Amino acid sequence: GPREYSSITEAEADLGFTISVPTYFPSYIAWPPVQITGQRLPTARVETVYYSQYGAKIMVVYQAALDDDGEPPQRLPWVRTISAEKPIFIKDNRVVIITATDGAGLTLNGAYWESDEYFYAVITSRAEREILTIVRSML
């Protein structure tokens, strides 16, 4: 099942794949991730959760291996309901920008895409405009 890791390096060593992290962080997001959770089975995946400099949970980056038939996971972290999806292209990658709500009904913005046998998602409680810059930094 899922387990917690104290660093990206520890998670990569245990999970056996390179974990993708943004190279761009808005000034209000603190590095390193506060929470790193991953598992190998049934699908190799990892979630890295970032907080603001004031200690509020603010962004999650999700990475999961596509299964044998290339299907992405059924559920995005933090997301209860997706209210809008808008496909765009960034650096020749099809990226779907989403507006969603979490379990408490708060608005979330995010994006998901597939690349090199992995499914990626970035979800944030902040404005959509930052999502594009964060995703661009991961492609």
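Residues count as buried under 20% relative accessible area, as exposed over 50%, and as partly exposed in between (1.4 Å probe, protein chains only). The model is predicted, so local features need pLDDT of at least 70 and side-chain atom pairs pLDDT 80 or more, while totals for chains, interfaces and linings use all residues. Residues are numbered from 1 along each chain as its sequence is written, and side-chain values use heavy atoms, without hydrogens and water.

The fold contains an open sheet of 8 strands in the order β1-β2-β3-β4-β8-β7-β6-β5, with antiparallel pairing. Strands (E, at least two residues) and helices (H or I, at least four) are DSSP runs numbered from the N terminus; two strands pair if DSSP finds at least two bridges between them. β1 (3-5) and β5 (81-90) form the edges, each pairing on one side only. Neighbouring strands are turned by 20° against each other on average, direction ignored. Angles run from 0 to 180 degrees between N-to-C directions, with axes fitted to C-alpha atoms, for helices over the stretch in contact. β7 (residues 107-115) and β8 (residues 118-124) pair over 7 bridges in the antiparallel sense. Asparagine 109 has threonine 124 in β8 as its bridge partner. Helix α1 packs on the sheet and touches β1, β2 and β3, at about 135° to the direction of β1. Contact means heavy atoms within 4.5 Å. Helix α2 (residues 128-138) lies across β4 (57-65), β5, β6 (93-101), β7 and β8, at about 25° to β7.

The structure holds 4 salt bridges, defined by a side-chain nitrogen of Lys or Arg within 4 Å of a carboxyl oxygen of Asp or Glu. Lysine 86 and glutamate 128 form one of them, with closest N and O atoms 3.5 Å apart. Lysine 86 lies in strand β5 and glutamate 128 in helix α2, so the pair ties together parts 42 residues apart in sequence. Lysine 86 is partly exposed at 43% relative accessibility; glutamate 128 is partly exposed at 28%.

Rings of Phe, Tyr and Trp (its six-membered ring) pair if their centres lie within 6.5 Å; planes under 30 degrees apart are stacked, over 60 edge-to-face, and the rest tilted. Phenylalanine 25 and tyrosine 50 form a tilted pair, 5.3 Å centre to centre with 55° between the planes. Tyrosine 50 is buried, at 0% relative accessibility. Ring pairs also link Phe17, Trp113, Tyr118 and Tyr120 into a cluster.
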